[in-house]
Amino acid sequence: KKMFFWLENDELRVDLLSPRAFYGAGIESEDYQVVYFIKMETDVKITLNNIEEVVLSGVIDGDPLEVLLNEMNNAYIPAFMKEKGWPDTVKKEFTAHLHKFMATLEESVHMARGNTKLYIPVEDLSDAKEASKDKDLVQRLESMILHWTKQIKNVVLNQDSQQDKENTGPLDEIKHWKLRQNNL
């Protein structure tokens, strides 16, 4: 159903199993590239006429979480937000879970870089009065604010605990506050 191709030590590797993990393997993100092919319908024979419908392909070029974040922000979320054919209950439920997932993904990607970024959900807020009447929208935005509060609290607590542990001089203190300013 799926097949992976990648280069390892200048040798082309092909396998039905995923390539070795990016995280914890000591691979630099610019050196990580995977091309994948996923057969969407297992009972359909692939032909030249149907390959575009039956096979999903793509490239992971760099840090897989960063690639996923970019794909979600630039392709999937805009397409989803334009979708009008879903039942309201399904769309609202999916949107709530999507925003939670995106907030966690955004946090993970930026934490790996050593900084903090707050996820801002894509919502139609063009009419503030109308938006304030939508209980589901208000609940999703409140959920994001709670997530932001936890993120900021963790950053402040982690930085304060690092500061307390170190026996620092004036130059270390200046460096600490510059790093803290950049992070927040």
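Angles between axes under 35 degrees count as roughly parallel, over 145 as roughly antiparallel, 65 to 115 as roughly perpendicular and the rest as oblique. This is a predicted model, in which local features need pLDDT of at least 70 and side-chain atom pairs count only at pLDDT 80 or more, while totals for chains, interfaces and linings use all residues. Residues are numbered from 1 along each chain as its sequence is written, and side-chain values use heavy atoms, with hydrogens and water left out.

Q: Why are α2 and α3 called roughly antiparallel?
A: Helix α2 (residues 64–82) and helix α3 (residues 88–112) pack at an angle of about 155°, with their axes 10 Å apart. Axes are lines fitted to C-alpha atoms, for helices over the stretch in contact, and angles run from 0 to 180 degrees between N-to-C directions. The angle of α2 and α3 is therefore in the roughly antiparallel class. Their crossing is left-handed, a term for a near helix turned anticlockwise from the far one by less than a right angle.

Q: What makes the contact of α2 with α3, by class?
A: Contact means heavy atoms within 4.5 Å. Residues that make it include L65, L68 and M72 of α2 and F94, L98 and H110 of α3. By class, this contact has 13 nonpolar, 4 polar and 3 charged residues.

Q: Why does H99 count as buried?
A: Buried means under 20% relative accessible area, exposed over 50%, and partly exposed in between (1.4 Å probe, protein chains only). H99 has 1% relative accessibility and therefore counts as buried. This residue of helix α3 is in contact with Y119, P121, V122, E123, R140 and M144, leaving aside its neighbours within four places in sequence.

Q: How do you know whether H110 is buried or exposed?
A: Its relative accessibility is 8%, so H110 counts as buried. H110 also has its place in helix α3. Leaving aside neighbours within four places in sequence, H110 is in contact with L69, N115 and K117.

Q: What makes up the largest nonpolar core?
A: A nonpolar core is a set of buried Ala, Val, Leu, Ile, Met, Phe, Trp, Tyr and Cys residues joined through side-chain atoms within 4.5 Å. The largest has 11 residues in all, among them L69, F80, L98, Y119 and M144. Both α2 and α3 supply at least two residues each, and α3 gives the most, with 5 residues. A second, separate core of 5 residues includes F4, I27, Y32 and V34.

Methods:
Helices (H or I, at least four residues) and strands (E, at least two) are DSSP runs, numbered from the N terminus. Ala, Val, Leu, Ile, Met, Phe, Trp, Tyr, Cys and Pro count as nonpolar, Asp, Glu, Lys and Arg as charged, and the others, Gly among them, as polar.
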